[in-house]
Amino acid sequence: MAPVTSLASTVDQRIADALSAALPEAGSADPLLRRSDRADYQANGILALAKKLKGNPRELATQVVSALAAPGLIEEIEVSGPGFLNITVADRAIIETLAARAADDRLGVPYAERPGTTVIDYAQPNVAKEMHVGHLRSAVIGAAMVEILEFTGERVVRRHHIGDWGTQFGMLIQYLIEHPHELDHEAAAPSPGADGETAMSNLNRLYKASRALFDSDEEFKARSRDRVVELQAGDKETLALWQRFVDESKIYFYSVFDQLDMEIRDADIVGESGYNDMLEETCRLLEESGVAVRSEGALCVFFDDVKGPDGNQVPLIVKKSNGGYGYAATDLSAVRDRVGNLSASTLLYVVDARQSLHFRMVFETARRAGWLNDDVKAVQLAFGTVLGRDGKPFKTREGETVRLVDLLDEAVDRATAVVREKSEKIGLSEDEIVTNGKQVGIGAVKYADLSTSAARDYKFDLDQMVSLNGDTSVYIQYAHARIRSILRKAGDAVPAAHPELPLAPAERALGLHVDQFGEVLAEVASSYEPHKLAAYLYQLSSLFTTFYDQCHVLSDENPAELVENRLFLCDITARTLKQGLALLGIKAPERL
């Protein structure tokens, strides 16, 4: 099926054509069309145009109305105020446009005109360390952007830049050499089905024991530091043990991401170690080109606008004076790899806002080196902090960071209790209660994150997250389930579009909002703002609730054509809700 042009785009084009016809001297003027509470749309562009042409805006607006040719599209158009155009589209046009969308598996959403290749860096846990609430946002926001970009036709390459290299591995590996059975358990292969709790338990125990020994035993500390040298030199035994830590951690990672209902593929996990062979060349290229210079023995890049409290420039350190490589060397090598080997046109980093300065310096360095240019852009999708209900960074009562698995377990438990309470009315089985409880609980956690602008901090409040009222995923899931229930009860009546029927106000509002789905997705994909899709879905659910209250769907008093048309509106609304939730990584249960 061909993509469907939205009513807003069609009206906008017709107004623009009328502007050009009535006022040739205006050139290609923008009508500045927007949704309005006075009509379906309002065009405000004539005011600016009148100022430019030194004319009377109301007179110009009247000329435009006279030149407008839109039979079957526009029901009414009036000049309002100083020269606004209030536009009401025909009922027939709404239903015909929605019918075209309904005939397409993609709901008429077009692919991007010029898709590129986006390499998206998200979900970056650390090897041998437990995932906590701070890891939630990068994973959830990044996974949603992957789905949205792919849906719009972008080629997406996923990268999970896990922390799998550093001096701490000397301590861990040396301890494992001296205590060789610490990581033994039956699940030896890193796969989504392996025992994540056992893997993390082993890693936690080993980390605490090795840290205690490192802090108390000078001889062990010396052996651990020697082991770091062996690791960096590529000693086979040391590398093999390092790989065990990576594999054990992957078992744990997979279990957490599986709980989040999120696909993580092994081929997409390219940690810090994946760029080790490029580090020296990256430094050489930067130094030879003059982008980086030596300063007190370190290889640095300086910026005029990055200064410390003393007024001196603060550099990006690529290589330390002791010969060790900084994070910048790894990140710049990753840029080179993603542009040169993966043919990226966009690099998207879903990373904590607190790292914004670091990435601004990395991106500017890459531009100076020629690795980023007019054809390749790098963007940080920066996110804020997860806060507790007290408005402070989310911690346990003991002041420790909240384990992500504990948080997800509690969300599922709370949601399951809500589902169970409602289940008696619709007769859900125990299996359905458990399945829906997980879908609602995990969906609630994701939606709370995604419905907030990424750059803002947000409060983690499970009571509000699993509420059936307000801006929650549960409210949206419930709207979808209610529609599916209506369609099941329809009997022999089937959804069918009837453009010849007049629409009630609630039907018009619902239909016009459904029609905006493609435009919302295009905006979200270009601005990297998934919260706008969440807001669209919440408003769609609210408009459906109003429609449901005001327009009886299965009333025996309704003519068959009216029943079919309202079932049609129900069906396309449910499909839009389900598709929108799926792009956010959230399931839409059939019964709830």
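I began with terms: two strands pair if DSSP finds at least two bridges between them. Helices (H or I, at least four residues) and strands (E, at least two) are DSSP runs, numbered from the N terminus.

I noted that this is a predicted model, in which local features need pLDDT of at least 70 and side-chain atom pairs count only at pLDDT 80 or more, while totals for chains, interfaces and linings use all residues. Residues are numbered from 1 along each chain as its sequence is written, and side-chain values use heavy atoms, with hydrogens and water left out.

I looked up an open sheet of three strands, which has the order 7-8-9 and antiparallel pairing. Strand 7 (293-295) and strand 9 (316-319) are its edge strands, each pairing on one side only. Neighbouring strands of this sheet are turned by 50° against each other on average, direction ignored; axes are lines fitted to C-alpha atoms, for helices over the stretch in contact, and angles run from 0 to 180 degrees between N-to-C directions. Three bridges join strand 7 to strand 8 (residues 298-301). I found Arg 294 opposite Leu 299 in strand 8.

Entry on the helices. Helix 10 (residues 279-288) lies across strands 7, 8 and 9, at about 120° to strand 9. Helix 12 (residues 356-369) lies across strand 8 and strand 9, at about 65° to strand 9. Contact means heavy atoms within 4.5 Å.

Entry on Val 351. I located Val 351 in strand 10 (residues 346-352). Val 351 counts as buried because its relative accessibility is 6%, and buried means under 20% relative accessible area, exposed over 50%, partly exposed in between (1.4 Å probe, protein chains only). Among the residues that Val 351 touches, not counting those up to four places away in sequence, are Gln 124 and Phe 359.
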